[in-house]
Structures are given as structure tokens and as C-alpha cells.
Amino acid sequence: MLTYITRRVLYSIPVLIVSTFLSFTFVSLAGNPTAAIRANPRFSQQTLENVIRQNHLNDSIPVRYWYWLQDVFTHKLGKSLLTFQPIWPDITRTLGHTAQVIILSESLAIILGVTVGIFSAIRQYSVFDYLFTSVSFLGFAMPTFWLALLLQILFVDIYLKWNVRIFYTSGLNSPGQGTWSLDRLQHIALPVMTLAIISFAVYSRYMRASMLDVINTDYVRTARAKGLPEWRVILGHVCRNALIPIVTIAALNFGALLGGAIITETVFTLDGIGFYFVQKLQNADLYAVMAYLLVTSIIIIVFNLIADILYGFLDPRIRYD
Amino acid sequence: MTEVERQPHPAGQVTPESHAQGAALAAPGTLDATVEAGLEVKVRSQWSYARSRFFRHRLAMGSLIVLIIVFGAGALANYVAPYSFSQIDLTNILAAPSSQHWFGTDEIGRDEFSRVIYGIRTSEEVGIFVAILSSWIGLIVGAIAGYYGGWMDNLLMRITDLTLTLPFLAILLVASALLGQGSQWRVSIILALLLWTTLARIVRGLFLSLREKEYVEAAKAAGAGDTRIMFRHILPNTLGPIIVNGTLAVATAILIEAALSFLGFGIKPPTPSLGVLVAGGQTNPQQWWLTIFPGLMIVLIVLCINFVGDGLRDALDPTQRRVRA
């Protein structure tokens, strides 16, 4: 197992280098990083030249990539070209906010999705099953931003009609409120709901399918034949094996969402890492965008690895050499 | 199930060869036998079996009809839409839906219903163009990678590694920031260039297994060239998954285009696409009709395409049908 993990980690290093180099080239070509400095009358010609020299902006892209790589290791991802602020504090702050939202929404989606999946499978083709099948088909067809906007409209309307503030529709906190408060919960409730509904569609579908795969196997028949009560057959024998694929999907989903609930965060102007990325990309802030891409790529790689390890751990038939 | 009772399983009627060749005809052997037995038999191709399976799929057929109506309205937007998408009526700003303006009007008095119809036209153009282009790229790359292996196969697998490590939407945003510039066709090309890998992997897998079949060996022995084997012998057997994937790609492309346009990296405002319209509604949250109707149209289109895709999968690939337990 340890050699497998080492090999995977080592293998992901060249992949990371290639992918970051490609995105570095893309982002560099996408916008002129000095445009904002040139446009701002507060900066003199001298400052502009200093910025260009310090950041080696006149060099070719591969050379600049090399300098950027050095910055990543020696200066914690470097500084923004536009604001001259260090990037690292921004990344950790926004990532924290995103994690808060993602952990809540994914836990909600997994608990509900798995429960609904189990009931849909044991009562296949019942009204309940058809109802939630329709719900998840709707979930697959629904654009995330539209769902988010619907929730926003609903709660704005409630506020304007009855002057009741149930949930806030944008931002992260009212002034003077902290990270662990009811106020924060009121702010992140709608993004959490949006993401939970979309993920719920996926989990309930997968759980139903994987339950149906297991429920017809021989060992389940054996369990029934030896006289186990039905709930023990379902919970103790079917569910345990049916959950294995869900664990993998959850790990992958978690990684993907941590790197970018881009749309949801943008709609609710939530100070998360996805919204940070969109803002920086709009300003063509090269190093901030690159920092985001690097961090999220690493997150995705790590969670892919976790998914594989969990899979091998839960299913003893899988052996990694 | 009734379908099985009414119609013998197609695989039972055809010999491996004709089945393999995209099955132009039912096998001559079985045909002769039944004719001798004095029964009248209509010769049916695999395609006609698939067609009748699809026609019996009620959900898929219903979705197809809805889809034809919606896409037809979009394609004929010039004739269907009661107003032009840019006609400004300053006496009717942010009007609620009425008999005059079915979906209401926006902040400069443009008729939302007409804008949605024109938006459908843009979205369907993007969806169909992306599906066709990405299917062709995926098909060619997948076929070469699966049949020859070699550097093309290596390249495909390395690209797969890359896509597994990078956040997809982020890459899409970066690409459109570089190349998109708000034009419908540029956005479509970017989408196609990023979406072909799914199909390429599917086609590669199919080619890998099919190239070892006896009929390929037979074709080789008969002196057929590689191109002929790939496109006349193997390809027809992979058409089912390709068609299904292409159909679903239309839905994917429409959804992604809408998301891109919503974030401001896709199609830019003067052109109405469904994503642009939803984004426009965001500035007027109290005028719910500006958000609801274009979004509802996206959901309707994507839902119908997904159902049609499911129906096609059942019709074209009977071996993959989920058996009702």
C-alpha cells in the first residue's frame, strides 16, 4: 500500500508540472497583467518599470514559469501583480469559507441521498421511488446557477413582503458577527442548500443503483434463507457493500467541490475560493489565478488518492501492489 | 416484458457476421428456413428493430416531440417570435407577464418571450455544433488510439490524466478568457475542444476489444486495408454508444454554455442565449419572470435530451438494457 501511494504521488508531480505550465501559458496570453497598473494614474512610469523588472515580465513564458515555480516554494505562492499583496493569506481564508460550506452541504446530501437511495431500492417502482427518481432527473437537468437564483428570489421576496429575515442571500456575515454564529449559518444556508440539492440527486441515484446490484446477489439470499430479519439483511449485509461506491464518489465529489463551487459562490457573492478565482480571472491577475489552479489541482489529486485508498480498504478484493 | 414476447431478440436472428457489419440484413440461413416453413417474413434490418424499440419507448418519444417543438420554434425564431429580440418599448418596462407579453418585459421593455425564443436558437446552435464537432474529434482520436495504440493512445491517456487533475470549469473559464471573446462560435469551438475526451475514451475501449474479433481477422485475410477495416467493419458496431453520447453532449454543451455566459465568460449580452438571459434576470430579482422562464427552458431542453438519450441507449444497445428485477 505504501509503495502504491508513493508511486501515485511521484507520478502526479510531472502531471502537475505539465498542467500548471499549460495553464500558465494560457493565463499569460489571456490578459496583460500590467494593463491595470498602466491605467491607474497613481502609478508612475518608474513603478511600472519596477514591477516589470521584479516580476521578469519581459522574459519569455517558460522563463517566467520557472521564476513562478521558485516563488511558489520560497514565497508561498508569491504576490499578486495587481494589489502587491501576498496571495497565501487570501487562499487560506477563502478555502476555509468554502470548506465550511462544502462540509455542511455534502454531509446533508450524503445522509439524505443514502437514506432515499436505500428506500427507493427496497421499494422499487413504488410511488416513493418514482417521486425521487423524478427529483434526481430534475436535479441532473437543473443549471446550478438557476437553482441558486430561484432560492435567492424566494428569500428576497419573503423579506420584502413580510420583513422576515430567514436567510441572507449574499455575503458571509453581518458586520460584527463571527465565524461560529447563527448569523453565519443564516448566510451560508442558501449556498449549502443549492449544493446539497445538486449532490443529493447524484448520491440518491448511485445509492439506489448500487443497492439494486447487491440486493440480488447470492449471499443476500443466503442471509435471508438462514432466517435473518429483513432489516438486518438490508442494513448489515446489503447496505455495507452498497456503500462502497458511494464512499468513492463522495471523496471525488468533495475534492472537486473544494476546488470550485465556482458558480454557487459567485451567485451568493460568498468569499470562497471559487469566487476568488473568478474575480482574479476577470482582472487577469496571473499569479493569483495560478495559485488557485495549483492549490485546487493538488486538492483534487489528494482526494482522488483518498478515494482509491478508501476503496482498497473497504473492498478487500481490490489489491494495490 | 411485452416487448420481448412480441419480437424475438435481434441477436438470435442474425449470424455473427451480419450482426457485426452493422447488420444490413437478417441472416439468409434463418430466412430460408422460415420461408420453407411457409411463413411470410419481412426482412428487417437492425436499424428498423432499433427504430421500433425507440418508437415504443413512450417517455423518449414524448420528449422527442417536445424537443422538436422547442428546437423548431428556436430555429424559426424569426417567424415564431412576436417581437424582435432587441425591440425596445420604453412605455412597458419590467412589465409582468400578460396577454401582450407572455413572459413579461425586461428593464428596457424588450419582450422576454421573444428573447427566450431567440435564446433557444443560440443555445441549440451551440449544443448541436459542439456535439457534432466533439463527436468527430473523439471518434477519430479514439478510433486511431484504440486500433493502432502507439503515441496517439499514449497522448489520449495522458490527456485523461490531465483532465483528472484539473478543475474542469476553471480550465474552461481560463480558455474562454483567452479565446472566447463573447462570440458564439468561438465559445462553441472551445467547448468542443474540451468535451471530446469522453467519447474518445469510449471509442478507444470499443476499438480495443473489437479489433481482436474474428470478422476483423477475416477482413484482413480478405485483403482489406486498415482504413476500410476501421470505418467499414468496426465503426458500425460502435455507432450505438457514439449516437447516445452525441445526444447527451448536446445537453452538456447547453448547460455549460449557459454557466459560462452566466459568469460572463461565454456569449456576451447583445446575443440572447438562455444563460445570458438568466444572468440578466439576476439584476432584477423582484421581477421573477426574467429568471424563471429562460431557466425553465434550459431545464426542459436538457431533461428532454436526457430522456431521448436514454431511449436511444435502450433502442440501440439492447444488451445494455437495465433488466427490470
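Of the 321 residues in chain A, 40% are buried. The model is predicted.

Chain A is built from 13 helices and zero strands. Read along the sequence, the pattern is α-α-α-α-α-α-α-α-α-α-α-α-α. The C-alpha trace of chain A spans about 85 × 65 × 35 Å along its principal axes. Among contacts in chain A with a separation of 6 or more, 71% join residues 24 or more positions apart.

One helix pair in chain A shows the packing in detail. Helix α5 (residues 88–122) of chain A packs on helix α6 (residues 127–141) of chain A at an angle of about 135 degrees. Their axes are 8 Å apart. The helices α5(A) and α6(A) are therefore oblique to each other. Their crossing is left-handed. From α5(A), the contact uses A:Val116, A:Phe119 and A:Ser120. From α6(A), it uses A:Phe128, A:Asp129 and A:Phe132. By class, the residues of this contact are four nonpolar, one polar and one charged.

Chain A also touches chain B. The contact takes 39 residues from chain A and 32 residues from chain B. On the chain B side, the elements that give two or more residues are these helices:

| Element of chain B | Residues |
|---|---|
| α9 | 150–165 |
| α10 | 168–179 |
| α13 | 226–263 |
| α14 | 274–282 |
| α15 | 289–316 |

What classes of residue make up the side of chain B that touches chain A? That side has 24 nonpolar, seven polar and one charged residues.

Note on methods:
Residues numbered from 1 in each chain as written. Chains lettered and ligands numbered in written order. Predicted model: local features only at pLDDT ≥ 70, side-chain atom pairs only at ≥ 80, totals over all residues. Helix = DSSP H or I, 4+ residues; strand = E, 2+ residues; numbered from the N terminus. Buried ≥ 20, exposed ≤ 12 C-beta atoms within 10 Å, placed from the backbone. Contact = placed C-beta atoms within 7 Å. Nonpolar A, V, L, I, M, F, W, Y, C, P; charged D, E, K, R; others polar. Axes fitted to C-alpha atoms, helices over the stretch in contact; angles between N-to-C directions. Parallel < 35°, antiparallel > 145°, perpendicular 65-115°, else oblique. Left-handed = near helix turned anticlockwise from the far one by under 90°.
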